[in-house]
Amino acid sequence: MSGRIGLLGGLTRRDGEGELARAMLDRLPDPVAALDSGARLRFGNAAFRGLTGPLASSLAALLPEAEAEPFRALLAGAFAGSAVGSFPLTLLLPTGRGEFIAALDPLPEAGLALLLSLIHI
């Protein structure tokens, strides 16, 4: 098992390994969120929470209505093992609309997809 999958898989654990995984990801300067196959947010690091406010239950709640279904299709592809790469993403934030370049890193072995490196454009 790769270290990346092990770290992300640790997010779902409720022991010392899970706490360590969450603490490490929480200290990253880039916004990072772990999503399940239903686009539900399972984890958001401090940078992600600072951007979005309190952690929403679903990333779809932060998307404009027209972008929710295309995002779910990308997420489904990631869980099916498709390479997603980077893509534009608009989020409805407490401070207004935010335009980002985002990337989904499919990790179906860990039961999660990781939304990486939200770069504000």
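This is a predicted model: local features need pLDDT of at least 70, side-chain atom pairs count only at pLDDT 80 or more; totals for chains, interfaces and linings use all residues.
Residues are numbered from 1 along each chain as its sequence is written, and side-chain values use heavy atoms, with hydrogens and water left out. Local features need pLDDT of at least 70, side-chain atom pairs count only at pLDDT 80 or more, and totals for chains, interfaces and linings use all residues.

**View 1. Aspartate 36 in the loop between strands S1 and S2.** Look for aspartate 36 between S1 (33–35) and S2 (41–44); strands are DSSP runs of E with at least two residues, and helices are runs of H or I with at least four, numbered from the N terminus. With a relative accessible area of 9%, aspartate 36 is buried (buried means under 20%, exposed over 50%, partly exposed in between, with a 1.4 Å probe and protein chains only). A polar atom of its side chain lies 3.0 Å from the backbone nitrogen of glycine 38.

**View 2. Leucine 51 in helix H3.** Helix H3 spans residues 46–52, and leucine 51 is partly exposed at 22% relative accessible area. Leaving aside residues up to four places away in sequence, leucine 51 touches Pro31, Leu93, Pro94, Phe100 and Leu118 (contact means heavy atoms within 4.5 Å). Leucine 91 is 40 residues away along the chain, and its C-alpha atom is separated from that of leucine 51 by 9.8 Å.

**View 3. Isoleucine 119 in strand S5.** Here you can find isoleucine 119 in the strand that covers residues 112–120. Isoleucine 119 is partly exposed, with a relative accessible area of 49%.

Terms used
A polar contact is a pair of N or O atoms within 3.5 Å; within protein, one must be able to donate a hydrogen and the other to accept it, and residues adjacent in sequence count only if both atoms are side-chain atoms.
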